[in-house]
Amino acid sequence: MFQQSYLYFLAGAVLLCVAFFSLRDRANPRRVTTALFWGLYGAVFLVGPWCANLLASTPEDVATAQRTVNIAVGVLVVLMALLAGCGGVRLGSYHQRSPEERSASARRLGNRLFVPALLIPVVTMCGVLLFNNLPALESSVFGAGGKHGPLITLFSMTIGCLLALAMAVKMTHEKPLQPIQEARRLMDSIGWAFILPQILATLGLMFTSAGVGQAISYLTEHYLAVDHRFVAVAVYAIGMALLTMLMGNAFAAFPIVTAGIGVPILIVQHGGDPAVMAAIGMFSGYCGTLMTPMAANFNIVPAALLELPDKNAVIKAQLPTAIPLLAVNVLLLYFLMYR
C-alpha cells in the first residue's frame, strides 16, 4: 500500500542527486560544502521509523532507538545551520542553454510553456475526485480503513508533478537529467531559506508544546484591555499577523494565538462564533505571510525564480494589499463573530 514515507524517500533521493551533481561541479568555489548541505538535508528525509526498527534489537528497545534517531536528526540540522551560516552554499554551473537558445525555444513553444505547470493542479484535482468517488480504488492503493484525505492529495499532486516533468522534458527536448540541474540552480539560488518551511513548522510545534499560548494569554489578560470586545478582536487578528511574520507560517502561528487569545478571550469571555474566528483568524495570518521574508516559499522563491535584483521585491509589492486587508479582517471579525 502507498505510504506517505514513500514521498519522503522520493524527496530525499532528489536531494541526494542534487548533492552528487554539486560535488562534481568544479565551477562552484564551495562545491564540497554545498554538496554536504543538500546531502544532509536529503538524509533528513530518508530517516524514518525504519531506522529505529533497525537499531532496536528487541521490541522494547524501539523507543530508545527512536530517541537516538531523533537526536541524530537534530545533529544533522545543527550541521546544516553551521554550513549555511558560514556561507557554505554557493552558486555553480548548471549546463544551461545560452540566452539565445532559450529565447528561440520560448518563441517556438509560445503559450504551450504553461501546459506542464497547469497539468499539476488538473491532475491533482482529478485524482482527489477519482479516489473520493471510488472507495474500492482508494482501498486498493492506500489500504482499507481510516481517512486518507491528505495522503490522497499528496499522492495525486506527486503524479501530476511527474507527468508535468515528463511533458516538459519532451516539449523542450532537454536531457532527462537537466531537471535535476535546474532544481539545483534554484535551490542554490535560494540557499538556506529553502528549508525554512520545514524548520518553521517544527518551531510551531515546539512553541505549542512549550506553552507559549498560555504565556500569551496571561500577558494579554493582564496588560491589555481585552474586556473591550473590539480591542480583543484587534489583538487576536494583529497577533496572528505578527506571529506569522516571525514564524513564516500561519498554520504554526494559529494554534498558539488561538490557544492564548482566541479560545479563552474571544470565545469563552465574549461568546464569539468559533467558526468565524478560525476562518478570519487564519486569513489575518496570511496577511502576515505577505509581509515577511520568513515565508520563503511565498516571497523569496518567486524573487529567485524571476531573478529579481531585490530579494524583497515581492514583499514590497504586497505591502499595500496586506496592511489594508488586515484592517478589513479586524472589522469583519468584530461584526461577523458577534452578530
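Predicted model: local features only at pLDDT ≥ 70, side-chain atom pairs only at ≥ 80, totals over all residues.

User: Which helices each supply at least two residues of the nonpolar patch?

Analyst: α1 (4–24) and α8 (149–172) do; helices here are DSSP runs of H or I of at least four residues, numbered from the N terminus. Residues are numbered from 1 along each chain as its sequence is written, and side-chain values use heavy atoms, with hydrogens and water left out.

User: Which residues make the nonpolar patch?

Analyst: L10, V14, I159, L162, L163 and L165, giving about 460 Å² of surface. Patch residues have over 30% relative accessible area and no salt bridge, and nonpolar side chains are joined within 5 Å. A salt bridge would be a side-chain nitrogen of Lys or Arg within 4 Å of a carboxyl oxygen of Asp or Glu. Areas come from the Shrake-Rupley method with a 1.4 Å probe. The largest share, four residues, comes from α8.

User: And L162, what's its relative accessible area?

Analyst: 45%, so L162 is partly exposed. Buried means under 20%, exposed over 50%, and partly exposed in between.

User: What volume does the largest pocket have?

Analyst: About 2,400 Å³, counted as the space filled by probe spheres set on grid points joined across faces, edges and corners. On a 1 Å grid over the protein atoms alone, a pocket is an open set of points where a 1.4 Å probe fits, with protein on both sides within 12 Å along at least five of seven lines; lining residues have an atom within 4 Å of a point.

User: Which residues lie nearest its centre?

Analyst: C161, L165, P179, A183 and L186, out of 43 lining residues. α8 gives the largest share of the lining, 10 residues.

User: Last one: what's phi for H173?

Analyst: Near 60°, a positive value in a residue other than glycine. H173 lies in the loop between α8 and α9, and is exposed at 59%.

Conventions:
Patch = residues over 30% accessible without salt bridge, like charges linked within 9 Å, V, L, I, M, F, W, Y side chains within 5 Å. Buried < 20%, exposed > 50% of the residue type's maximum accessible area, 1.4 Å probe, protein only.
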